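Please open the structure in a viewer and keep the sequence at hand. The stops below are to be taken in order.

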Amino acid sequence: MTELSTRPERCVVGATVPHESADLHVTGLALYTDDLVNRHFGTLHAYPVQAPHTHARVTALRTAPALQVPGVVRVLTAADVPGVNDAGVKHDEPLFPDEVMYRGHAVCWVLGESLEAARLGALAVEVEYEPLPSLVTIAEAIAAESFQGARPTLRRGDPEAAWADCAHVFEGEFEFAGQEHFYLETNAALATIDENGQVFVQSSTQHPSETQEIIAHVLGLTNSEVTVQCLRMGGGFGGKEMQPHGYAAIAALGARLTGRPVRLRLTRTQDITMTGKRHGFHSSWKVGFDADGRIQALTGTLTADGGWSLDLSEPVQARALCHIDNAYWIPNIEVHGRISKTHKTSQTAFRGFGGPQGMLVIENILGRCAPALGISARELRRRNLYRSGQTTPYGQPVRHAERLERIWSQVVETGDVERRLVEIEAFNATHEHTKRALAITPVKFGISFNLTAFNQAGALVHVYKDGSVLINHGGTEMGQGLHTKMLQVAATALGLPLTAVRLAPTRTDKVPNTSATAASSGADLNGGAVKNACEQIKGRLAEIAAMRLNVHPDDVRFHDGIVTGLADTDEKIPFADLVHDAYFRRVQLWAAGFYRTSGLHWDAKTMHGSPFKYFAYGVAACEVEVDGFTGAYRQRRVDIVHDVGDSLSPLVDLGQVEGGFVQGAGWLTLEDLRWDTSDRPSRGRLATQAASTYKLPSFSEMPEDFRVTLLEQATEDGVVYGSKAVGEPPLMLGFSVREALREAVAAFGPAGHCVDLGCPSTPEQVFWAIEAARAAGASRQEGHLQDTWRREGGLADIPVGGA
């Protein structure tokens with residue numbers, strides 16, 4: 001294999017091309033899992049029987065009444081499972097539970113000739129429950145000491161000894177909510193059985209191999225007896241990494257028992273009430289700064305809301321700990337992690353996978369402490385950025401750390417930040433009830449799976465006798481453009497125009513044992529595997545071309561569908577002609593490619609090593625305007641510079657940066673998950689069950705002036721064609737919106753006021769923070785300002801040498 005990051009002079013990667021399915025998307029011709037139902041005669045429809053309790057024991061389950069409903073064919077229960085009654089990899093997620101662990105938990109599934117028949121059948125199922133006490137909030141779980149999974153600790157240096165040398169020490173607490181994935185396509189699966197009993201499942205899944213594995217162990221089959229295919233997803237964002245397995249298993253079980261195709265598709269309300277979210281977190285922290293505002297020590301505890309089962313909570317928590325430093329050097333640190341067990345949906349992967357939660361903690365700390373230090377938050381952040389030669393708290397060198405300062409400076413210069421800050425100050429001085437602010441926040445995000453074994457991928461590339469090419473790889477397409485990039489990689493590696501390469505759907509019988517399309521590693525891993533397969537084929541073809549051209553195989557060049565030598569006078573052989581010649585010489589024209597990420601090592605027990613191939617960097621500057629009467633706000637302008645290495649597909653990457661920023665801003669400022677925490681019978685009910693009650697970012701929340709630039713001259717060695725991942729890192733650029741809101745709120749109060757801003761920072765939260773800022777101003781005028789205080793941000797400046 002040639003050097004992984006080296007690009008040929010003329011290549012398809014780096015070209016601005018549209019998404020490979022763009023035409024199909026906008027014309028409505030793109031097929032998704034549920035679009036395939038009408039292609040299968042006699043399909044049955046699955047519908048859940050959802051529990052009306054947050055925590056309860058199932059004492060009786062009577063399915064006979066459902067079978068009397070016209071059109072009902074069967075009711076699936078635990079007694080029907082021939083294998084293992086579990087849908088998780090931790091074996092803590094019963095597919096058919098006898099103990100309900102959250103409101104809406106499915107206790108059985110009804111199969112009907114129509115969806116309406118199945119729905120009416122589900123209403124007819126008689127279930128008796130014994131209600132049990134429930135824990136709904138993280139605070140309740142902490143008080144009850146309800147925890148699950150590992151409790152890792154990240155350590156470096158000696159924070160306790162460092163406190164005495166700190167000029168300023170602050171401490172506080174900060175709790176923030178999760179986020180609903182709200183992918184356009186809800187969870188869906190379609191299962192069929194062939195004459196040999198082979199199970200074939202179409203699934204909207206980010207992890208076909210794990211879906212295959214779960215189906216197999218539920219049915220008591222080997223993995224080879226189950227095939228899972230994913231055409232494409234209408235969004236995933238991590239929500240389809242683990243959650244689809246059980247739904248696919250239900251469909252497969254129904255097909256296995258009835259011999260008929262079975263379709264399962266959740267309604268929007270079912271999807272929201274039955275599937276996991278981004279983990280909400282509670283944090284307690286203590287931080288020390290020197291007289292120049294540089295961080296000297298940080299201690300704390302991060303408690304994730306895991307919901308009712310572990311799912312992916314342990315690796316999410318680990319990544320949160322590994323990213324609590326974000327882009328800042330912290331010489332002394334000790335942070336503990338734990339996972340609460342609550343009676344809510346099992347919280348799961350979400351774009352960033354714990355990284356955003358860890359990074360939000362340190363960004364909140366800096367935003368809270370800057371006024372107390374008498375330093376602008378922008379300067380405090382810049383002053384603490386990583387420098388060359390420094391390492392993370394877990395011991396990994398921060399390679400290319402100088403890019404952080406370079407990107408920061410580029411944002412300040414191209415965003416005309418200094419001039420705008422002067423204008424903002426003048427505006428605020430003349431507008432009593434409207435304030436503006438501009439915040440700048442950085443991103444440093446590690447790329448690779450924390451679990452080293454997952455950093456591998458496979459591909460299968462076919463070159464046909466006519467010179468056309470078909471590629472299969474283990475990654476899944478959820479709208480993020482992975483297939484587009486893989487087509488560009490294959491075309492570049494084989495020296496062909498993009499039109500000569502076609503891509504097949506992701507299937508477990510073509511590329512086995514794949515990792516999830518997650519951790520922003522899809523292009524790195526699958527691109528490496530595709531390139532490897534293509535270069536095997538190209539190497540064989542070069543031998544044939546060398547004989548025809550009378551040159552050494554190393555001197556054969558492939559570009560634009562033509563194969564030739566180094567000299568201008570060498571014969572120009574069409575790629576298709578060379579392939580035809582190779583076929584008649586009995587040369588293998590297909591190859592299985594493989595790639596494993598090198599240089600990784602990680603000790604999960606000690607939380608030490610180098611778990612990431614590299615770091616992706618970015619900086620965002622956001623200017624907001626806030627209405628002091630309502631707390632409403634708008635983003636006036638956003639400037640972003642983001643490091644994607646040498647982009648494989650610039651148009652795709654720009655879209656990912658824009659979308660990631662908006663989704664991050666949505667999590668932090670709009671999307672407000674609300675569970676009923678009262679003692680009423682509705683306790684534990686998710687109140688935000690639809691778009692009517694769960695606020696998503698829309699055009700009206702977009703920045704009025706949105707400028708995104710990809711960092712130039714940023715080749716990353718050791719990665720496919722010098723590119724960097726782009727899926728998750730841009731989400732954290734949304735921190736700039738919340739921090740700008742904090743600074744705008746502060747402008748309503750006295751100088752040096754530290755803003756306590758709830759999260760998500762909705763207009764309501766902003767309004768109450770403005771009221772607190774105004775009250776602080778009134779108190780200061782009356783001479784009643786207290787010097788110390790504590791809450792979520794309560795924040796106490798502890799004198800040097802004392803607590």
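Please bear in mind that the model is predicted.

**First stop: the nonpolar cores**

Begin by selecting Val287, Phe289 and Leu298. These residues have the most contacts inside the largest nonpolar core, which has 101 residues. Next, colour strand β28, residues 614–627; this strand gives the most to the core, with 10 residues.

Which residues does Leu298 touch, not counting residues up to four places away in sequence? Display the side chains around Leu298 to find out: Pro159, Trp163, Trp285, Lys286, Val287, Ile324, Ile330, Asn332, Ile333, Glu334, Ile362 and Ile365.

Then move to Ile471, Ala542, Val563 and Leu578. They are among the 52 residues of another core, which lies apart from the largest one.

**Second stop: the aromatic pairs**

The structure has 14 aromatic pairs. Select Phe176 and Phe281 to see one of them: the ring centres are 6.0 Å apart and the planes are at 5°, so this pair is stacked. Phe176 belongs to strand β9 (residues 168–176) and Phe281 to strand β14 (residues 281–289), so the pair ties together parts that are 105 residues apart in sequence.

For another pair, select Phe449 and Phe454. Their ring centres are 5.6 Å apart with the planes at 90°, so the arrangement is edge-to-face. Phe449 counts as buried at 7% relative accessibility, whereas Phe454, at 33%, counts as partly exposed.

Arg278 lies over the face of Trp667, at 4.7 Å from the ring centre. Now select Lys435 together with Phe748; the charged end of Lys435 sits over the ring of Phe748, 5.9 Å from the centre of that ring.

How many cavities of 30 Å³ or more does a search of the whole structure find? The search finds 5. The largest cavity has a volume of about 320 Å³. To locate this cavity, select Ala87, Glu93, Tyr102, Tyr247 and Trp308, which lie nearest its centre among the 21 lining residues.

The largest share, 4 residues, comes from α7.

**Last stop: Glu3**

Finally, select Glu3, in the segment before α1 (22–27). With a relative accessible area of 46%, Glu3 is partly exposed.

Which residues is Glu3 in contact with, leaving aside its neighbours within four places in sequence? They are Lys531 and Gly718. Select Gly718 alongside Glu3: the two are 715 residues apart along the chain, and their C-alpha atoms are separated by 7.6 Å.

Notes
Residues are numbered from 1 along each chain as its sequence is written. This is a predicted model: local features need pLDDT of at least 70, side-chain atom pairs count only at pLDDT 80 or more; totals for chains, interfaces and linings use all residues. Side-chain values use heavy atoms; hydrogens and water are left out. A nonpolar core is a set of buried Ala, Val, Leu, Ile, Met, Phe, Trp, Tyr and Cys residues joined through side-chain atoms within 4.5 Å. Buried means under 20% relative accessible area, exposed over 50%, partly exposed in between (1.4 Å probe, protein chains only). Helices (H or I, at least four residues) and strands (E, at least two) are DSSP runs, numbered from the N terminus. Contact means heavy atoms within 4.5 Å. Rings of Phe, Tyr and Trp (its six-membered ring) pair if their centres lie within 6.5 Å; planes under 30 degrees apart count as stacked, over 60 as edge-to-face and the rest as tilted. A charge sits over a ring if NZ of Lys or CZ of Arg is within 6 Å of the ring centre and within 35 degrees of the ring normal. On a 1 Å grid over the protein atoms alone, a cavity is a set of points where a 1.4 Å probe fits but cannot get out, and a pocket is an open set with protein on both sides within 12 Å along at least five of seven lines; lining residues have an atom within 4 Å of a point. Grid points are joined across faces, edges and corners, and a volume is the space filled by probe spheres set on the points.
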